[in-house]
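Me: I would like to go through this model term by term, asking each time what a label rests on. Please set each value against its definition before concluding.

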Amino acid sequence: MDFYTIFKFLHVLAAMAWFGGGAVMLLQAILAMRQGDDESLMRVTGSLGSLALLWFLPASGLTLLFGLVIVLLGSLWGEAWVILGLLGALASFVGGHFFLRPMGEEAAKLIAAGKIAEAAVFGSRMIRIAMVDYASIIAIVALMVLKPNWGDILALIVIYGALGVAAFLILGGKARLHPLNAE
């Protein structure tokens, strides 16, 4: 076994922790939104602020670090999938650190102040942003698996077209998801 393979394994393991942790929280928030359960929604969104530094930042940072080691060991710097994946990771980091983390901290403050109902719309917006972030992470995973080069226009159009459609559907909807028992 060589160092490339070891770091590739560590990269995938860190990416699983990053994606999996957020996916579970996102699912909890979506279910709370669909059930119209503002208290559960605000608990989930409030915990995002504290988990950002405890879980998401280390997991995403390790994913990036191990990925950069792989790129260095494999001399992959000019590959389209590497460059686009790094840009996607940067966008996710910026969105998470400068938007989702502060929004999660604000949600926690609103919960502490007992403003659950007023904070529900705020939390719903935050979850929609997180859903778009996760769509972009899925696009990064597609890049890592499919490894398109600059000439693979169709693959790039499909990946980014799907991301654009997902973002439009997520952000273009109403402020809240419909409850499960809605007609």
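Reply: The model is a predicted one, in which local features need pLDDT of at least 70 and side-chain atom pairs count only at pLDDT 80 or more, while totals for chains, interfaces and linings use all residues. Residues are numbered from 1 along each chain as its sequence is written, and side-chain values use heavy atoms, with hydrogens and water left out.

Me: What makes a stretch count as a helix, and how many helices and strands does the protein have?

Reply: Helices are DSSP runs of H or I with at least four residues, strands are runs of E with at least two, and both are numbered from the N terminus. On that basis the secondary structure comes to five helices and zero strands, and the order from the N terminus on is α-α-α-α-α. The C-alpha atoms fill a box of roughly 55 × 35 × 25 Å, taken along the principal axes.

Me: Why is threonine 5 called partly exposed?

Reply: Buried means under 20% relative accessible area, exposed means over 50%, and partly exposed lies in between (1.4 Å probe, protein chains only). Threonine 5 has a relative accessible area of 38%, and therefore counts as partly exposed. This residue lies in helix α1, residues 3-35, and its C-alpha atom is separated by 9.9 Å from that of leucine 73, which is 68 residues apart from it along the chain.

Me: Which residues of α1 are buried?

Reply: They are His11, Ala14, Trp18, Gly22, Met25, Leu26, Ala29, Ala32 and Met33. As background, an α-helix has 3.6 residues a turn, so residues three or four places apart point the same way. Just after α1, glycine 36 takes a positive phi of about 70°.

Me: Why is serine 75 called exposed, whereas lysine 147 is called partly exposed?

Reply: Serine 75 has a relative accessible area of 62%, which is over 50%, so the label is exposed. Serine 75 lies in the loop between α2 (38-74) and α3 (80-112), while lysine 147 is placed in the loop between α4 (116-146) and α5 (153-171). Phi is near 50° in serine 75, a positive value in a residue other than glycine, and phi of lysine 147 is likewise near 50°.

Me: Why is methionine 42 called buried, and what does it touch?

Reply: The relative accessible area of methionine 42 is 0%, which is under 20%, and so this residue is buried. Methionine 42 lies in helix α2 and, with contact meaning heavy atoms within 4.5 Å, touches Ala107, Ile111, Ile116, Ala119, Ala120 and Gly123, not counting residues up to four places away in sequence.

Me: How do you know that isoleucine 159 is buried?

Reply: Its relative accessible area is 8%, again under 20%, and therefore isoleucine 159 is buried. This residue is found in helix α5, and it touches Ala139, Ala142, Leu143, Leu146 and Pro148, leaving aside residues up to four places away in sequence. The C-alpha atoms of isoleucine 159 and isoleucine 138, 21 residues apart along the chain, are separated by 9.1 Å.

Me: What makes a set of residues a nonpolar core, and which members of the largest one touch the most others?

Reply: A nonpolar core is a set of buried Ala, Val, Leu, Ile, Met, Phe, Trp, Tyr and Cys residues joined through side-chain atoms within 4.5 Å. The largest has 26 residues, of which Leu26, Leu41, Leu48, Phe56 and Ile127 touch the most other members. Each of α1, α2, α3, α4 and α5 supplies at least two residues of this core, and the largest share, eight residues, comes from α4. A second, separate core of 12 residues includes Val71, Trp81, Val82 and Leu156.

Me: How much of the protein is buried?

Reply: Buried residues make up 36% of the 183 residues in the protein.
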